[in-house]
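Hello,

I am passing this structure on to you, with notes on what was found in it below. Please read them alongside the model.

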Amino acid sequence: MSDAAVRARGPRSLRSAIGYALLVLVALLFMSPLIFMVGTSLKAPSEIFSTPPSLFGASLQWGNYSEVFSYAPFARYLVNGVVVATTGTLITLAVSALSGYAFSRLRWRGRTATFTVFLATMMLPQEVVIVPAFVLMRELGWVNTYQALIVPWAFTALGAFLLRQFFMTVPQELEDASRIDGLGQLGTFFRIMLPLARPTLAVLAVFTFITYWNSFLWPLVIVNDVSTLGTIPLGLQQFFGQQGTQWHLIMAASVVSMLPSTVLLIALQRYLVRGIVTSGLGGR
Amino acid sequence: MTHLPAHEMTATAAPKGRRSGGPRRDRSGVWGVGFVAPHAVGLALFTLVPIGIALAMSLHDWPMIGTPSWTGFANYSSLFGDPTFRTALTNTVLFVVLYVPLNLVVSLGMAAWLSPKIRHRQIFRVIFFLPTVTPIVANAVVWRMLYQPGGAIDATARSFFGIEMPDFLADPHWAMIAIVVMSVWQGFGYNMIVFSSALDSVPESQLEAASLDGANAWTAFWRIKLPLISPSLFFATTMTLITAFQVFVQPYIMTRGGPGDSTVTLVQFIYNQGFTFQKLGLASAAAWILFVIILGVTAVQFLGQKKWVHYE
């Protein structure tokens, strides 16, 4: 290394250290709402609006977390959320894998037209169908049921689009080989193509699950009886109830509500980033 | 509402070059229909049928209970004369005008800052992305607490700077700004990831050539990187615009549209008309107006892209 290069490194590395410290500071400031959330979830009610502000109270009130479950049927909300999100995700994966394959590797009359209709529905905002979908649910007798929370949104076109994009990249030779080995259409799909699509299915599954888990407007419309059918976002509202706003409980409930997506994000970050970049998944 | 990259929206053509022949050729028509049927039937029943009903609804006086009666375009014309609707429209446009540019500037700035040279870059990415996957209701609830008088923001300002903060969510001058700030906080991470990946794929050779020509980092960013990632900018702008027009949860949770109706948005108007006042026809007409606005804005984006988007 030349003298000049050594001399140049000094101020530059100092500058980058300051820049890095600034970045850490920005990240902390960005996280501060979440840090306050965790702090408040562990405070006694009297300590919440203190001046000067404090992150934590005199002692950590872990009991707030158990109180969340006795103050409202929060366990029920959690179970409902898991049931609705899991079932919805499974249906979405099943129908999307089949249709994505049909749109990319099979020939049939009306394929292009059907796919165009699928794509066109993706441009429609959910709000346009929410009012008529409610009326449809009423006609089907589905108001205030699990199937109403799950089924109407399990057939959105995005999954077909994603899977089609993936299947188009699989070499035709693979399918030809499987036929030579005597596998029929179903065997080829289930034994050869579907296993190959696992990464795409995983990305679709995570985003579908998170979308169901976070969904608010539709449950707000279709659920009358929050204490039995409420999902997490609906349930969070219950803490603003008659006995005044229970901030410590709301924050504890919020922490719990954020756990699944946070864990999924940390565990699968690279897949999710790829999903966003290649397909625009998850935007809102 | 789902999203896909703009450049793929038109890619409806069937894959070409598929080898035909073999005994299955005549049977795959059956297979194709069979494979697509579950999805197509579901989509038809739960999306296409509601779209049809929505169209019919918007042309009827359609009460929650009772028989609908045909009114033609009366719902639409009464909306344009309705001051509440106009307020909701103005509020929504105000939100879009404030939120979209802020979101894009912050997300682009953070993406540029989090260059591959930054240590632990992936950790920072996860941090800034986190609020985009957590429930919006939970995010909004947390910010509602921060914004309270005596809440974290107010308490911090008073004890460290001796300044009294306004009651953000109860002050008509501040409520929308407070909602925009919260929305940028929770939403920019998504575009940051989009921009960050686009910036990563800018070829090193181009930047080296620019630096040989004497361009500093600032010029290189504006002259080289930005044009090269313009397709991503286009995609992000279009998607952010579309979702911004649909803003609902943040104001609904933080202000319920208040104070007064200073933060009522179009989607809340639709929700109120449909499920509070039970005027389904009016709600549907408002939803179609929202759709037309979104369609119009998207069309303008697509028409304008020739001027600034460079595809390779």
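Chain A falls into two domains, domain 1 (3-61) and domain 2 (66-279); such bounds come from an automatic or database domain assignment. This is a predicted model, in which local features need pLDDT of at least 70 and side-chain atom pairs count only at pLDDT 80 or more, while totals for chains, interfaces and linings use all residues. Residues are numbered from 1 along each chain as its sequence is written, and chains are lettered from A and ligands numbered from 1 in the order in which they are written.

Taken over C-alpha atoms, the centres of domain 1 and domain 2 of chain A are 35 Å apart. Contact between them involves seven residues of domain 1 and six of domain 2 of chain A, where contact means that C-beta atoms, placed from the backbone, lie within 7 Å.

The unreviewed UniProt entry annotates "transmembrane region" at several spans of chain A, including 115-137 and 149-167; such annotations may be inferred rather than shown by experiment. Residues 115-137 of chain A are 87% helix and 0% strand, with end C-alpha atoms 26 Å apart. For residues 149-167 of chain A the figures are 63% helix, 0% strand and 30 Å. Helices (H or I, at least four residues) and strands (E, at least two) are DSSP runs, numbered from the N terminus.

Between the chains, 84 residues of chain A and 82 of chain B make up the contact. On the chain B side, α1(B) gives the most, 20 residues.

Regards

Terms used:
Two residues are in contact if their C-beta atoms, placed from the backbone, lie within 7 Å.
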